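Try each task before you read its solution.

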Protein chains: 4
Amino acid sequence: MAIQVAVCGPRDCTAEEESDAREVGRLLAERGAVVICGGYTGVMAAVASGARSAGGTVVGVLSRADREGAGPDLSVVIPTGVGEARNAIIVNSGDAVIVIGGSWGTLSELALAMRRGRVPVVQLGGWRLLDRDGRPLAGARHAASPEEALAATGLWPG
Amino acid sequence: MAIQVAVCGPRDCTAEEESDAREVGRLLAERGAVVICGGYTGVMAAVASGARSAGGTVVGVLSRADREGAGPDLSVVIPTGVGEARNAIIVNSGDAVIVIGGSWGTLSELALAMRRGRVPVVQLGGWRLLDRDGRPLAGARHAASPEEALAATGLWPG
Amino acid sequence: MAIQVAVCGPRDCTAEEESDAREVGRLLAERGAVVICGGYTGVMAAVASGARSAGGTVVGVLSRADREGAGPDLSVVIPTGVGEARNAIIVNSGDAVIVIGGSWGTLSELALAMRRGRVPVVQLGGWRLLDRDGRPLAGARHAASPEEALAATGLWPG
Amino acid sequence: MAIQVAVCGPRDCTAEEESDAREVGRLLAERGAVVICGGYTGVMAAVASGARSAGGTVVGVLSRADREGAGPDLSVVIPTGVGEARNAIIVNSGDAVIVIGGSWGTLSELALAMRRGRVPVVQLGGWRLLDRDGRPLAGARHAASPEEALAATGLWPG
C-alpha cells in the first residue's frame, strides 16, 4: 500500500500558504504518496491541485454527506456526513500529518494529530502554541519550506 | 471524478458470496469505478481482490483508528476510528450501493443506504425484509448475478 | 448510575406505535431508567413525552449539530452533528434497546444494536427479517405490548 | 430545557485545575445547568464530582463504545464509540464551552468550539495561542477563576 500523508489547512489562506500547499502536493505525488485532505477550497484545493498536476491520488474527506463544495482535483471523495468530526478521520489516515497555515479547524486537526501521537506532525507556517507558563510547546516539527516539510516527516530518509 | 460504488457485505460469508464479490469488484474496476468497502475480510476482501486484479482503485473505510486487520488489496485506507458509525460513511460515498450477503452490520449498511435515499441500492443475495403486514418491502433492487447487480445500479446504461 | 434504555423508532409512525412509545417511555421512567432516543418527532417524541409525564430523564441524541427540530420533552440534548452515524451512538448508549415500528433509519438502529451484540434488543411491532433461505432470523426478542417489551429486556427480573 | 455547558479539560491535570474544575461543576449545578463532559478522569472527573455534589446532572460523552473508564459521578453516559471524534460532539452540546487546563485533546476541543463559532468559549488557565505574526489570537475569553469563567459565558447576566 502507498504511503498516505494527511495535509491540513484553512479554507481562507494567504497566497503564500496556497503556493506552499500546491508545492507540498506536487512533492508528495512525485514520491508516490497518497494525499488525504479535507476536500474543499483554500489549502485543501491547492494541495489537491499540486498532487494532481504530478499525477497523484488525492482523497477528499468531506464534512458534508454529499459532494457539494468538493474541489475539482480529488481522485476519491468520502462525504462522511459527520461534520467537523471528520477532522479526526483525516488525521487518522496519514502516515504523517502536514499542517499548513492556521484557522480554528486547522488547529483542531493539529491538536488531534498530536493527540493521536503515533505519527510525525509537521507545521509549515501557521499558529504558535505556548504552554501555561508562556513557553513554546514541544509539539509539531516546524518546517520553513515544502521541501523541509516533507523531510521533517522522516518518511523518505536520505 | 470517477464513479464510486460502495460494496457492502459480511466478514463471514459463503463461498458463493465471496465469488460474487470478487466478480463485482472486477467488473466495477473494468468500468473505471472506484470501489469503496469496509476494508476487512470476507466480502470486503473479495471485492477488493477482484477490483485490484483488474487494476482498479479500492478504498477501505475502516472502523478502527489504525490499520490492524485491513486487507492486502486496498489502494487507500481510511482508518476512521468511529467504529460502526463508519457504515454510514461507506454508504454516503457511493454513487450506488451494492450489498452482497447478509449480517447485522451489512443490514445496517443496507438500511442506511435506503435511508439516504438518493442513490440506487442493489442487493445480491442476502436477507429479505417484510413490512409489518408480512409483505416484501419495496426496498433495494434485487439482482441474481454480479452482472445483473451492475446493470441494476443504472450507472452504465446500455 | 441509572439504567439506560435506548428506544428507537420512525418519525412517521402509526397511532398505535405512538401510543406504544408513550407507554414504553412512561414505564421506563417509572422504573427509574434514563431514556435515550433520537430526539425528533414520531416515536422519538412519543417516548420522550411518556417518560417526562412520569418525571423521567430523556436524552435526545440528534443527527444535526444544532437543536433545530428537537422535541419539547427532552431533558438533555446531544446535537452530535454526525448525521445518521448518530444511530450507532444511540444503540451504544442503552443497557437494552427497544425498537418500535419500522423505517429504514429504525432498521439501521435495530441492525446496529444486534451487531453490537452485548445487550438485549426487543422489537415491538415493525418489520420482519428473513434469512437467505426465507426463514425468520433469530434476532431481536419480539414483544406484543409495552409491558412485554420491558419484561423482554430482562433488566427488571421478577 | 435546561442550559447545557460543556466543560473540557485533560485527564492529567494539576491540583489547581482539578480544584477549579470541581468548583466550576458545583457552580454550574447550583445554577441548574446540565454539565456535558468527556466522562473520564482528571478535569472531567472533577467537574462531574463538583456538579454531583450540588445535585446536578452530568453527561459523560465517552470516546469508547462501552463504559470502561467512565467516572463514578456521571448521571448519564453516552459511549459514542467514535473515538476522538467525540470531542466535536461535546462542544456541539454546550450553550457555552468552558476549557480548563491544557492538553492536545483539550486543545482540539477549544479549537472545535471556536470553529463552531456560535457560543461563548471561555478558557480557565491552559495553553496560549499566537497567530503567525506572534500576536495573541483573538479567541476564547480568558477567566482567572471559576466564578469569572461562569460570568464570562454571559449565560447568567446580572
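**Exercise 1.** In this predicted model, find which residues of helix α5 of chain C are buried, and explain how they are arranged around the helix.

*Solution.* Start with the cut-off: a residue counts as buried under 20% relative accessible area. Applied to α5(C), residues 146-153, this picks out Pro146(C), Ala149(C), Leu150(C), Ala152(C) and Thr153(C). Next, look down the helix axis: these buried residues fall within an arc of 160°, so they line one face of α5(C). As background, an α-helix has 3.6 residues a turn, so residues three or four places apart point the same way. Then ask what covers the buried residues: the cover includes α1 (15-30), β5 (96-100), β6 (121-124) and β8 (141-143) of chain C. Finally, step just past the helix, where Gly154(C) has a positive phi of about 75°.

**Exercise 2.** Describe the largest pocket by its volume and its lining.

*Solution.* First, the volume: the largest pocket holds about 850 Å³ of space. Its lining has 34 residues, and Gly81(B), Gly83(B), Ser63(D), Gly81(D) and Gly83(D) are the closest to the centre. Now turn to the elements: α3 (86-92) and α4 (104-116) of chain A, along with α3 (86-92) and α4 (104-116) of chain C, each give two or more residues to this lining. Sorted by class, the lining has 12 nonpolar, 10 polar and 12 charged residues.

Note on methods
Residues are numbered from 1 along each chain as its sequence is written. Chains are lettered from A and ligands numbered from 1 in the order in which they are written. This is a predicted model: local features need pLDDT of at least 70, side-chain atom pairs count only at pLDDT 80 or more; totals for chains, interfaces and linings use all residues. Side-chain values use heavy atoms; hydrogens and water are left out. Buried means under 20% relative accessible area, exposed over 50%, partly exposed in between (1.4 Å probe, protein chains only). Helices (H or I, at least four residues) and strands (E, at least two) are DSSP runs, numbered from the N terminus. The arc is that of the directions from the helix axis to the C-beta atoms. Contact means heavy atoms within 4.5 Å. On a 1 Å grid over the protein atoms alone, a cavity is a set of points where a 1.4 Å probe fits but cannot get out, and a pocket is an open set with protein on both sides within 12 Å along at least five of seven lines; lining residues have an atom within 4 Å of a point. Grid points are joined across faces, edges and corners, and a volume is the space filled by probe spheres set on the points. Ala, Val, Leu, Ile, Met, Phe, Trp, Tyr, Cys and Pro count as nonpolar, Asp, Glu, Lys and Arg as charged, and the others, Gly among them, as polar.
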